[in-house]
Each structure stands twice: as structure tokens, then as C-alpha cells.
Amino acid sequence: MKREKYLDCEQKLVAMLSDEQDDIVKMATVVAVLHKKFDYFYWTGFYRNLDDELVVGPYQGTPACMRIAMGRGVCGTAALTRQTQVVENVEEFHGHIACDAASVSEIVVPVLSGQELIAVLDVDSTLEGSFDAVDAENLERILSKLF
Ligand code: SME
């Protein structure tokens, strides 16, 4: 079920963005498509890597933290390690940054363009354990095709 939804998003995004070069246009479109597709996506957005600081980019959801230091929280950890972070319950993640107390589980996927880390995609859910390897695998693949 999840897999089909991700494939559907991928087809739509590849078709919409095949000729697009601008990263903000791409990020805004990715967020709009994903956020609408999955009921458990409570906050969906990008933090861009600007001079080694994560700065909020296009997102949908409640107002978010604007700047996150590299290495801090789930986003900063994903950015620093360049590894997708899947967190079942944010209370158990040491150093998690609570922008909205309603968020319970979270996935953060690094976005690379070649060797360069340009951003992370962060998705939060109000339910525990919403994200797993299927989300990680599919989001990584979709982002690698677009950036
Ligand atoms: N929880 C994140 C911060 C970003 S917000 O959830 C939108 C973190 O710990 O990195």
C-alpha cells in the first residue's frame, strides 16, 4: 500500500520536474505531492544546507524551527552522517528538537546532489512508529531521481 503510493508520487514528480533546475521549485513540489498523499505526514519539509547550517525551506504543516545547527537533533544528525534517520518515538532520541509537541515519530533523509549535501527532507507524524524501511527506501530513491 505504502509502496504503491510512493511509486505514484515518484511518477508524478519525475513527470512534473524533469525539466526543472531550481531547487526551491523542486522542494516545494515534492512537499506538496508527498504531504497530500499520506495521511500520517503531519509536517513535511526541507531544511537546506546553507554554509553548514540547516535553514528551513519549503514545508507544509505547523510553523517550524527556522535554523538548526549541523549535528543537532534528528535533522542535524542526518545531515552530519548523511544517513537516513528513522525515529519511532522522538522522546527516545537524545537531543531531538521539539518544534511542535504533537510530533511523535519522524524520518529525515539527506538530499545529495553529486557529493554535495544540499538539504534534508524531514517528515513528522503524530503517531508513534509511522516510518520504517519502506519509507526510507522510497524517499531516498525519489530524492535521488530529482536532485
Ligand atoms: N524534530 C526535528 C526538528 C525539525 S521539526 O521536527 C520540523 C529535529 O530534531 O531535527
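Which element gives the most to the shell around the ligand? The points below take up this question and then turn to individual residues.

1. This is a predicted model, in which local features need pLDDT of at least 70 and side-chain atom pairs count only at pLDDT 80 or more, while totals for chains, interfaces and linings use all residues. Residues are numbered from 1 along each chain as its sequence is written, and side-chain values use heavy atoms, with hydrogens and water left out.

2. Helix α3 gives the most to the shell around the ligand, with 3 residues. At least two residues each come from β1 (43–50), α3 (73–81) and β6 (116–125). Helices (H or I, at least four residues) and strands (E, at least two) are DSSP runs, numbered from the N terminus.

3. The residues around the ligand are W43, Y47, I68, G73, V74, C75, H96, I97, C99, E106, D122 and D124. A residue is near a molecule if one of its heavy atoms lies within 4 Å of it. By class, the shell divides into 7 nonpolar, 2 polar and 3 charged residues. In this scheme Ala, Val, Leu, Ile, Met, Phe, Trp, Tyr, Cys and Pro count as nonpolar, Asp, Glu, Lys and Arg as charged, and the others, Gly among them, as polar.

4. A ligand oxygen atom lies 3.0 Å from a backbone N or O atom of V74. The side chain of H96 has an N or O atom 3.2 Å from a nitrogen atom of the ligand, and an N or O atom in the side chain of D122 is 3.5 Å from a ligand oxygen atom. Of the 310 Å² of accessible area that the ligand has on its own, the protein covers 98%. Accessible areas come from the Shrake-Rupley method with a 1.4 Å probe; for residues, only the protein chains shown count as cover.

5. The largest cavity is the space taken by the ligand. A cavity is a set of points, on a 1 Å grid over the protein atoms alone, where a 1.4 Å probe fits but cannot get out. A molecule sits in a cavity if more than half of its atoms lie within 2 Å of its grid points.

6. T44 belongs to strand β1. Is T44 buried or exposed? T44 counts as buried because its relative accessibility is 0%; buried means under 20% relative accessible area, exposed over 50%, and partly exposed in between (1.4 Å probe, protein chains only). The side chain of T44 makes a polar contact with the side chain of H35, at 2.7 Å. A polar contact is a pair of N or O atoms within 3.5 Å; within protein, one must be able to donate a hydrogen and the other to accept it, and residues adjacent in sequence count only if both atoms are side-chain atoms.

7. S103 is in the loop between β4 (85–87) and β5 (105–113). With 8% relative accessibility, S103 also counts as buried. Its side chain makes a polar contact of 3.0 Å with the side chain of D124, and D124 is one of the residues around the ligand.

8. Strand β6 holds L121 and V123. Both are buried: L121 has a relative accessible area of 1%, and V123 has 0%. L121 and E140 are 19 residues apart in sequence, with their C-alpha atoms 9.6 Å apart in space.

Note on methods
1 Å grid on protein atoms, 1.4 Å probe; cavity = no way out; pocket = protein on both sides within 12 Å on 5 of 7 lines; lining within 4 Å.
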